[in-house]
Structures are given as structure tokens and as C-alpha cells.
Amino acid sequence: MWTSGRMSNAKRWLGLGMSLYFWGLMDLSTAALSGTPTLQSQLEVHLTDKPQSHHRTKRSWVWNQFFVLEEYTGTDPLYVGKLHSDMDKGDGSIKYILSGEGAGVVFTIDDTTGDIHAIQRLDREERAQYTLRAQALDRRTGRPMEPESEFIIKIQDINDNEPKFLDGPYVAAVPEMSPVGTSVIQVTATDADDPTYGNSARVVYSILQGQPYFSVDSKTGIIRTALMNMDREAKEYYEVIIQAKDMGGQLGGLAGTTTVNITLSDVNDNPPRFPQKHYQMSVLESAPISSTVGRVFAKDLDEGINAEMKYTIIDGDGADTFDINTDPNFQVGIITVKKPLSFESKKSYTLKVEGANSHLEMRFLNLGPFHDTTTVHISVEDVDEPPVFEPGFYFVEVPEDVTIGTTIQIISAKDPDVTNNSIRYSIDRSSDPGRFFYVDITTGALMTARPLDREEFSWHNITVLAMEMNNPSQVGSVAVTIKVLDVNDNAPEFPRFYEAFVCENAKAGQLANHPLLTVSAVDQDDPHDGQRFYYSLAPEATNNPNFTVRDNQDNTARILTRRSGFRQQEQSVFYLPILIADNGQPALSSTATLTVQVCSCDDDGHIMSCSPEAYMLPVSLSRGALIAILACIFVLLVLVLLILSLRRHRKQPYIIDDEENIHENIVRYDDEGGGEEDTEAFDIAAMWNPREAQTGTATKTRQDMLPEIESLSRYVPQTCAVSSTVHSYVLAKLYEADMDLWAPPFDSLQTYMFEGDGSVAGSLSSLQSATSDSEQSFDFLTDWGPRFRKLAELYGAAEGPAPLW
């Protein structure tokens, strides 16, 4: 039977204490091992070495549990217990062997006595128990004396671990102005000691830092608010230190601490207020719609959703002219332009703006009101604006037969500024590349400059420009849509070449081009009542004995024969002039010629041949020979024309010298100019239209004339206006010059003040002066008056002796 015992008195007393402790923990009724009656443990305890009056009988206990204290720091191995077999006679014949967890490393056994010792420091928090196996062998034979048995060594806990906050440090938040006792967060400390043994793991919480704002429950670790009306705007962050102490907080217990960072979250307890009760702003009258005028700001000490603001215009004479929006990022009110501004109409506006919180808390309404107002004064600044047309769009209808120079519309613009500067008009040539129109520079009268043809251009969309005289950069524009009305100016005509055929055996009254030939006409005009054409024979063919025309009353006509007996030998082709008239006012007509060929047909009227060559060619001359003869004649004609062309080119002299510098604006006269009478190639439109001179389609810039309005205004009075009669005359002459293919392509202004035919001074040209070596006398200059006094002094005869040099 296995037994365990304590050998020395000290060991016996230790064993007695351990046994007394565990007696209360063990169930004696189940302590014995069932099924192994030989493995009962007996613990022998000698309370004293003195003889006693009576002997205490041995009591059987569960031998397979041993207890040892952790964290033993002595130098000697720690005695754990003793294993003993009833078969051991004490003669050393029994050998004890220990195996299992920690055997030989943590625990050793004396193989003779069975004493078990711990040779390493034991830590219950690392390992709470070890399971080992014991065996008793015959030392001589190695035969087991006892069956192998398993036992447990448990590590007894001591208070060697302080409480720890495994989740610390903590972060928490609580709304500001919370009532006293509001729960903030719960902290938990963990003690690694055995919670079932003593008070080593019994933790008590206390607050070391954070009073008087917060408190902590000693048992649960719940942190609560301890002060009323904590204001986030006064102090937002708090650092609280919590301590956890074991042993129930008694003296000698171990302690651990953690930090809890508590933030007061915001509530809407502060109303918004404008730091300024009056704002002064300014905006240009040219500011576009939705442009920013300025910003207002209502200050709110809260943050986040509690500081969200909504701005509105609640009063003022500018409530319809301006608008206000809230910037969600910065919570400012942005004032923008809602309608166009005009300095001339209204120079200032006043707005009353309100800023209010979007989200309110009912329990803080007594701290309000949560809105505020301010006044905004806005001044409109004047800018130099371009001219404005009234109306802003023109629609003009013009008959296509209107004469050149006719005024079709008066375009009106004015300077919207207070200064009311003078306006000069012109046409944007990119909108009128054909130069069909012209606008008077001062009056804005829009006139035709070229004949209009509805069949070529039925619509014209031009842009008229208005420029300030004092500031040419200010240019306004207006669109003018011109519809060209139709006039009956095109006669009807055949849409294609018509060719009819008639059989030799045709009868009178039979349709040409058997079985049917119907002709129709087209007219480029577009009358309101629709087209209606009338067909008849031309006057010269009224008594035509061969054919006649029958009007079908549906804008078509049929061709009929008047006789029979047509013969190709007599006449193979007939030309029939047909008169076509329209229904316009006045009616127009044209004559179209219909070609009718006589053909040979079969009895059913089907055409067999329309060529008369069979009757005309000799028997001996074939068709191939005739074609060869015609080809030779054609080649000879081509050679003759080529020779004549070469001779003509050789006789034609060169009219341009190689040394001449050909330029668009050079005017060459072989003889003396015509003075003021020479007005050819003069385009007065270029003089009045500055944009035409600057942005024309010419590839080279004009060097002889820069008709800018700014410089022109120095010489042309602002009240000057040319009569419509003069305009019409000049425009008509200009059109004639443009259409004249033989006119020189010059567009320069030639001015002769006192030279040429008709001048009192005669000719001042020096072209002939180089032909004579004799000196020319200029004494006559003294008779020409004060204007030529300087020339007379320079070139005239000097009075008195000549000066000596």
C-alpha cells in the first residue's frame, strides 16, 4: 500500500498545517480510491516526542494530492512530500521512480526514501498544478512492487500580482451640462492571483485624480459625473486617474492605476451672435448674376451640428435684388447678386439679415433666443458700360427688288452711363461677308449696299455694333435678322432638255413622242398663292402647221401634231418654240425650244430609227469612212487654233516692268492726275466703318489709310449726318465699281488740294522739271498770296545783292 508521511518535526508540523487546511476542502466519503485498495494513503503525524497516555490510530487519507507554496525563494530544495510503500521494509530494497510533468526538472524524488522536492521556483500564475506518476521497483530484479499510480501536485497561491487595467488607458465622452451622477465609463482591473483563495484577487477602486468633477464606484469601477453645469466652452478635456487595490483595499495590498481621458461633448447651449451690427459692402454694377458681394458671420461658441447656421434676408429694399446662402464648411452667409444691377437706376441697397441655429435643444431654450440679426448696406459702383440696343433684337422684312441705298431699319443704341457718350455704328463683317448691307455711322440707318436676291440668300443674319466715341473698347452688339421677301423676278423655264419624237406615219392630232409627251416647268420664285404656269406656242410659231401645244391646266402641257405625212428625207428635226408664263405680278414668261425628231416606226408605232443618214449618204460611202473624215477635220481645226493663239501671245507686249513694285494701294498715272475730279476707286464705306478697315478679309494690312473712329472724330462733327440721297448715290456707285471687271482694283482715297485740272495753281508736278537743264523761274509764286509766301521766299528771286558765303 502507498503511503505518504512527514519525516522531521518541522516537516511534520508543515504537513499538519497543510492537512488541516485541506481537510475542510476534501470530501472524506469520496477520498478513497475505488478499485485500488492497496493505494490508500496514510499520513502519520507525531504531535510531540513525549510519551502519551494513549495512541492515536492511523487514519487513511487520499495520498495522491500534494500542495506546495509558490514563489519559494530559499536556497534548499523545497520539500513537497514523501511516497512510501507498505512493502518497503527500510532495507533499501525498494527503488522509487517519479515520471510525468516536471519530473526530473521541476520535481525530484529520493529513490530510496521516496522524498519529493521542488528544485525550481514555482509560479501558480504560470502553472497551477502538475500531474506525475509514481512506481516502486525491486532494486535487485527491477520487478514492480506496486502498480504505477498517478498523483497531482497543486501550487498554492500567494498575493504576488497587482491588479492591472488591461484595456487602459481609457477614452470617454460625456455631454456637457450633464446632471450629477451621469455614467461616463466603466473601468475593470484584473488580478492574476487565485480569486478562490483569500483576498488576493479582491479589488477595490478609488479615484486619485479628477475630483471634484468625477467619482468612481469602489466595487464596479463605474465613473460618474460629480459636479453640476460642467461647461465645454470653459474646459473641454479632463484627465482622471483611477486606482485598483487588491486584498480588499487593506494595508499591504498591491495596487495598479490607469488613466481615463474624458471629453465633454458639445450641446447647443450657446445662441449665435453677430459681432457686427452693421456691414458695409460695395459691388460693381456689371457684376454677373450669382457673383459674390460679401460675407456675414454670426459667431456661435458651439461646434458641429450645434453650430450649424441658416442665414436669410428678412427685410430691406434689396431683398429682391440680392440673395444669401450658407457656406456649410465655415458657417458664413454669402450674399450674391440675384438680379442685374444698374448704377443709374439705384445706387445703394439695405438688407436685414438673420442668422439662426438649424438644430435646437428644448432643455436649453431658456438660454436663447438662438438667432440674431444684422444690417447690411450695399453700394453699387458705376462702371463704363457698352452701348445698349433698344430693342435687343431686330427682325426686318425687305423685298428682294429694293434699290441700293434704301434704308430698311433704324438701329438705335444708347450709352447707359450717366455721361451718355456719343455712339458710332458699324457692321461686324464676319456676319455679312457678302457686304450686302451698310449702316450709317451716326444715325444707325441700316441700308442695302448690294442687290438682294431671295433665290440666292433668303435670310441674312448680321450683327450691328455700337461703339462709344470716347472709349472704343466699349462695344455693344445686336442681332438683326433680315428676311428677303419674294418678288416675281424669275421667269419659268424647262427643268431639263426636252426632246420629242414623231413617227413618219403619225396622223394629225396624234401626241408627239407616242404614246405621250408631257412637259413641265420650274420657277425659282415662291408666290404666296402657289405656282401656276401657262403654256402656248411662241408668237413666231403661232401659225406652226406641224405641231401645237395643249395646256393641261395642271402646270403641264402636251405636244400634238397638226398634220400627217412627216418624212425624214424632207426634214428630220423640227424646233418648236414654247412660251411659258407664270401667274406673278407682273407676269413673267420665257421661251423654251422643244426639239422634235422624225423617226421611222413600225405599224404599232414603235420607233425603229431616227437617223436620216440612210437617205443622205451615197451608196459607196460607209459610216466608218464618214467618221474618219470628221476626225481629221477636227484635228486640223485644233492645230489652226493653237497656232493662232501662239502668234497672239508673241505680239502682246509686257505692260508691267520688272522693277515695278506692284501693291494694292499704288495708283499710277502716266500723265498728271485729275485733281479733285478724280474720285475713282473711292470706298466711302471704309472711311465710316472702322471694323471693316481693321478686321477685313484682306491678307495685307492697309498702309495708306487707318480709318479709326477715335481719330476720325476729330475731324467729323458729331452732329454731322449725310442725307439718304447721298448715301444711296455713293452706295450705287460703289456697287457699279465693284461689278466693273475693267476698273482698277484700287480702294484708296486720293486727295488733291490745289493740283490738276480746275486748280488755280495749275500743275505743281516736277515730273517734267528733270527734262531741261535750264533753271526754272518761280517768281510767280509771289502772286499767289500768303499761302505760298514760304515757297516764294525759298524759290523766288531774291531782292538785293546775293549773300556771300
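**Before starting**

The model is predicted, so local features need pLDDT of at least 70 and side-chain atom pairs count only at pLDDT 80 or more, while totals for chains, interfaces and linings use all residues. Residues are numbered from 1 along each chain as its sequence is written, and side-chain values use heavy atoms, with hydrogens and water left out.

**Stop 1: the whole chain**

Display the complete chain and colour it by secondary structure. The chain has 8 helices and 42 strands; helices (H or I, at least four residues) and strands (E, at least two) are DSSP runs, numbered from the N terminus. Of its 805 residues, 36% are buried. Here, buried means under 20% relative accessible area, exposed over 50%, and partly exposed in between, with a 1.4 Å probe and protein chains only.

The accessible surface comes to about 48300 Å², and 53% of it belongs to carbon and sulfur atoms. Such areas come from the Shrake-Rupley method with a 1.4 Å probe; for residues, only the protein chains shown count as cover. Among the contacts in the chain with a separation of 6 or more, 67% are between residues 24 or more positions apart. A contact means heavy atoms within 4.5 Å.

**Stop 2: a sheet of 4 strands**

Select β4, β11, β10 and β7, which in that order form an open sheet with mixed pairing. Two strands pair if DSSP finds at least two bridges between them. Strands of a sheet pair through backbone hydrogen bonds, either parallel or antiparallel.

**Stop 3: the disulfides**

A disulfide is a pair of cysteine sulfur atoms within 2.5 Å, and by this rule there are 2.

Select C503 and C601, whose sulfur atoms are 2.0 Å apart. The torsion about this S-S bond is -85°, and the link is left-handed. C503 lies in β35 (residues 499-503) and C601 in β41 (residues 589-601), so the pair ties together parts that are 98 residues apart in sequence. C503 is buried at 6% relative accessible area, and C601 is buried at 15%.

Then select C599 and C610, whose sulfur atoms are 1.7 Å apart. Is this disulfide left-handed or right-handed? The torsion about its S-S bond is about 105°, so the disulfide is right-handed. C599 is in β41, whereas C610 is in the loop between β42 (607-609) and α2 (613-616), 11 residues apart. C599 is buried, with a relative accessible area of 0%, but C610 is partly exposed, at 22%. With the bonded cysteines numbered in sequence order, the pairing is 1-3, 2-4.

**Stop 4: Q597**

Finish at Q597, which is in β41 and is buried at 19% relative accessible area. Not counting residues up to four places away in sequence, Q597 touches E499, A500, F501, V502, S572, V573 and C610.
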